Amino acid sequence: MGRTAVSAEDVKLKLVEAEEPDENDYRLQDQVGFILRKAHQRHVSIFAAHIADLTPPQFAALAKLHDVGETSQNQLGSLIAMDAATVKGVIDRLKARGLVELSKHEVDKRRLLVNLTAEGRDAVARLIPIARDITQETLAPLSAKEVAIFMRLLAKLA
């Protein structure tokens, strides 16, 4: 029978899985928050290299508005995992650039509705293929199987 080739990365993963953690040993580089932050920094760097004129939260707001259409500012914040103050700042900056427009709800005048402008719709249409490339580049070190597992595990943590 033939042997299955094992990569150096697979060996590292097996060693990590096999090691018993010492509860008295704390190494920052082994902590989930530290590793997630490094992965996030890598992703943001890749994002900025491809989409320099928007931040990831601004793109998230545009992409979600593209998906759902007009919605309240608070609902948009919930949909893209942002608190009210943060989403307000994001929307204010997108409005200043002419990518979104704000209006009052017809019945509940306290509710602020957000929608893409024509320029915002054009921007999203242009940026979505680039965003797909950013995701692929971020995940490039992983095999297709690892990507599926990684995404499932991240969703479980989120």
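The crossing of helices H2 and H6 is right-handed, the term for a near helix turned clockwise from the far one by less than a right angle. This is a predicted model, in which local features need pLDDT of at least 70, side-chain atom pairs count only at pLDDT 80 or more, and totals for chains, interfaces and linings use all residues. Residues are numbered from 1 along each chain as its sequence is written, and side-chain values use heavy atoms, with hydrogens and water left out.

**The H2–H6 crossing**

H2 covers residues 32-50. H6 covers 118-139. Their axes come within 10 Å and cross at roughly 145°. Axes here are lines fitted to C-alpha atoms, for helices over the stretch in contact, and angles run from 0 to 180 degrees between N-to-C directions.

From H2, the residues that meet H6 are Arg 42, His 43, Ile 46, Phe 47 and His 50. On the H6 side they are Ile 130, Ile 134, Glu 137 and Thr 138. By class, this contact has four nonpolar, three polar and two charged residues. In this scheme Ala, Val, Leu, Ile, Met, Phe, Trp, Tyr, Cys and Pro are nonpolar, Asp, Glu, Lys and Arg are charged, and the others, Gly among them, are polar.

Thr 138 sits in H6. Beyond its neighbours within four places in sequence, Thr 138 is in contact with Arg 42, His 43 and Ile 46. Contact means heavy atoms within 4.5 Å. Thr 138 and His 40 are 98 residues apart in sequence, yet their C-alpha atoms are 9.4 Å apart in space.

**Overall make-up**

The protein has seven helices and three strands. These are DSSP runs numbered from the N terminus: helices are H or I with at least four residues, strands E with at least two. The order from the N terminus is α-α-α-β-α-α-β-β-α-α. Of the 158 residues, 23% count as buried. Take the contacts between residues at least 6 apart in sequence: 50% of them join residues at least 24 apart.

**The sheet**

The three strands form an open sheet in the order S1-S3-S2, with antiparallel pairing. S1 (71-72) and S2 (100-104) stand at the edges with a single partner strand each, so one side of each has no neighbour in the sheet. Two strands pair if DSSP finds at least two bridges between them. S1 and S3 pair over two bridges. Five bridges join S2 to S3, which spans residues 112-116.

Leu 113 in S3 is the bridge partner of Ser 72. Leu 113 is also the bridge partner of Ser 103. Val 100 stands opposite Leu 116 in S3. Helix H3 (residues 56-68) lies across S1, S2 and S3, and runs at about 90° to S3.

**Four residues by accessibility**

Buried means under 20% relative accessible area, exposed over 50%, and partly exposed in between (1.4 Å probe, protein chains only).

| Residue | Relative accessible area | Class |
|---|---|---|
| Leu 94 | 0% | buried |
| Gln 58 | 7% | buried |
| Thr 117 | 14% | buried |
| Ala 81 | 73% | exposed |

Leu 94 lies in helix H5. Leaving out residues up to four places away in sequence, Leu 94 touches Leu 54, Gln 58, Ala 61, Leu 62, Leu 99 and Val 100. Leu 94 and Gly 120 are 26 residues apart in sequence and 8.7 Å apart in space, C-alpha to C-alpha.

Gln 58 belongs to H3. Beyond four places in sequence, Gln 58 is in contact with Asp 53, Val 90, Arg 93, Leu 94 and Arg 97.

Thr 117 is in the loop between S3 and H6. Neighbours within four places aside, its contacts are Gly 98, Leu 99, Val 100 and Glu 101. A polar atom of the Thr 117 side chain lies 2.6 Å from the backbone oxygen of Gly 98.

Ala 81 is in the loop between H4 (73-79) and H5 (84-96). Most residues other than glycine have a negative phi. Ala 81 has a positive phi of about 60° although it is not a glycine.

Conventions. A polar contact is a pair of N or O atoms within 3.5 Å; within protein, one must be able to donate a hydrogen and the other to accept it, and residues adjacent in sequence count only if both atoms are side-chain atoms.
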